[in-house]
Amino acid sequence: MTKFLSSYEGLVSATVLGELRQLGNRLAGKRVVHVNSTREGGGVAEILDWMIPLMQDVGLKAQWEVITGNSDFYAVTKKFHNGLQGFPVTISKREWQTYREVNEENAVRLRPILEEADFVVIHDPQPAALLGLCPDRKGKWIWRGHIDISRPTRSVWRGLRPFVAGYDASIFSMCQFAQPLPHPQFLIPPSIDPLSPKNMDLDPEELTRVRHQYNLDPDKPLLVQVSRFDRFKDPLGVLEAYRLVRKVQPVQLVLAGGGATDDPEGQEVLDEVLEAAAGDPDIHVLLLPSDAHRTINALQRLADIVIQKSTREGFGLTVTEGLWKGKPVIGGDTGGIRLQVVNYHTGFLVNSPEGAAHRIRFLLHHEALRAKMGGRAREYVREHFLLTRHLREYLTLFHILGSREDASIIYI
Amino acid sequence: MGDFIIQDCSLLAKTSGLPAAINLRELRDRIALCSQDVLYHHFCETLLVPSFDNPDYRNDFAAWALLQLGDRVLAEQLGIINPYIFPDLEKLREQVLEILDERLSEVIFVPSCQPGGEFFFTEAVTVVFDTGKRIASPKALPEAIGTMTNGSIYYHFFEARRREPVGVDDFSAWLGGFPGQEAWRLALQTVDFVFFSLPELRGELVRVLGKGGVA
């Protein structure tokens, strides 16, 4: 669906939209090419889906290119992904060769576009080798690392670093995720699209329908955690917290996630969760299809408290989604959750099932405070984690890289 | 006096290249070495960074001392620092180092953070652009401020203090060019801006100017 900046009027102030147009006007006609490895599925594709039309709307000639590869290539890049996030993996010479070859094949097709562009943004490691394959590039090249590479498997980073080091700049979501590189490393947290099916306003009838569909009791407080069935999301810890709360008051829990079928470990975790939840009608373990965005939206809106009790987390956009729906979030004291959840203001950070249970009880006990925190949470997201801020920072980056000045303040 | 030119700005944070600090001594050593831009960023630019406006302390060092080192005494000492009263950033650095050295001489164990609570030194690049909007007379100032972006408020009220005339916000400097605006200039100087977010400060500036008369 084509999106226009004007669609966001009312969600953010007119001055914010005007600011974007002014930054965009001064870049009018500049060619921007984003490159990633998938058109659908995953956070990067979701971001590019709105970013391209909005960049076009503010005057840039923005386009989105996707590299193609075979299953061997994606097996290697999956290993990159795991290795960069600290899981021990070994990449063979043959696998490095596959990585280079697939990038070479893509470069044949993409070179004319990329070399002519004013700004090229390469997302994640999959297409990172394109830089070295476009020797006649005219513009500035930016590598955008979406994952946490703060503690990578050294051999993987050692192999990838030469592909990344030659860029003009890189972007990370948080300074904690970055690695030393010989170019400026900018910090741009991700964001949510308030008009996407996952975040748009829903009719009360739709909420009622979802409540009926999943047999949720309108008279019992509802706790919701939306995340993959992954040990780092600690679904078993959430169950434990729920049981501690249930000892003193009625409550129901939804653990909703998807995509476990193609992830052997995900299936294992899901099985453990189902076993632990068996026999309790107030625990709803929902395995949802990957396009169940409106259902997730409705569940978050039906929640009294949103939980994201991760023990390790990147940025945690499910936290942002919960906050945007005016819910206080009880989140694990880790990663990007710390940027979003602030004790007594937007929710509570916790380190154990006991801590989570304590904060759930506290929030259920203080209904007025819960509502107040929810209101603050939504405003906090409006101010900092909507796509308008994200777009502004990209435009700012283009101005910085396009400037001849190397100063901390640049007049355009 | 010419029109007031409304500028806007957008800030982008970046890493500084300094290693993260895990304890008070490392914080002290990194502050001694860091660029002025890093110091300025952690004291003054926090308002424009997408992070929570810490309600206790506005500068990152004080907030870190409280939240990650658990050192309330140090947090109080750092938290009260007004970075805008120093003639230059080196004087600010001297003051901060003085406080840190004093604290290091008092504590038996050097306070350290838990894993994940490290202090990351960052800085920012600010892009400034002309909005094309102008304010022709002081009478129009409150209304104009009321519609300014956070970036404009920051640029004219905070960032202005780094520029000539140093320590003065752009609104006061501009009003100084008109006769009979002393009341408004004084009113602006009495705003205790430390505890305001940018949207709150915008409202406060409008309120303060609304109370004063225009000659």
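Visitor: Why is A:C175 called buried?
Guide: This is a predicted model. In it, A:C175 has a relative accessible area of 17%. Buried means under 20%, so A:C175 qualifies.

Visitor: Where does A:C175 lie, and what is it in contact with?
Guide: A:C175 is in the loop between β5 (169-172) and β6 (185-187) of chain A. Neighbours within four places in sequence aside, its contacts are A:L187, B:T15, B:F120 and B:T122.

Visitor: What makes B:R30 buried?
Guide: Its relative accessibility is 16%. The cut-off is under 20%, therefore B:R30 counts as buried. B:R30 sits in helix α1 (residues 24-33) of chain B. Beyond neighbours within four places in sequence, B:R30 touches B:L18, B:P19, B:A20, B:A21 and B:F121.

Visitor: How do you know that the span of helix α10 of chain B agrees with its number of residues?
Guide: Helix α10 (residues 198-211) of chain B has 14 residues. The expected span is 1.5 Å times one less than that number, which gives 20 Å. The end C-alpha atoms are 20 Å apart, so the two agree.

Visitor: Which residues of α10(B) are buried, and what puts them on the same side?
Guide: The buried ones are B:L198, B:L201, B:R202, B:E204, B:L205, B:V208 and B:L209. They cover an arc of only 165° around the axis, so they share one side of α10(B). On the other side, B:G210 and B:K211 are exposed.

Visitor: What do the buried residues of α10(B) pack against?
Guide: They pack against α6 (141-146), α7 (150-158), α8 (170-175) and α9 (182-189) of chain B.

How values were computed
Residues are numbered from 1 along each chain as its sequence is written. Chains are lettered from A and ligands numbered from 1 in the order in which they are written. This is a predicted model: local features need pLDDT of at least 70, side-chain atom pairs count only at pLDDT 80 or more; totals for chains, interfaces and linings use all residues. Side-chain values use heavy atoms; hydrogens and water are left out. Helices (H or I, at least four residues) and strands (E, at least two) are DSSP runs, numbered from the N terminus. Buried means under 20% relative accessible area, exposed over 50%, partly exposed in between (1.4 Å probe, protein chains only). Contact means heavy atoms within 4.5 Å. The arc is that of the directions from the helix axis to the C-beta atoms.
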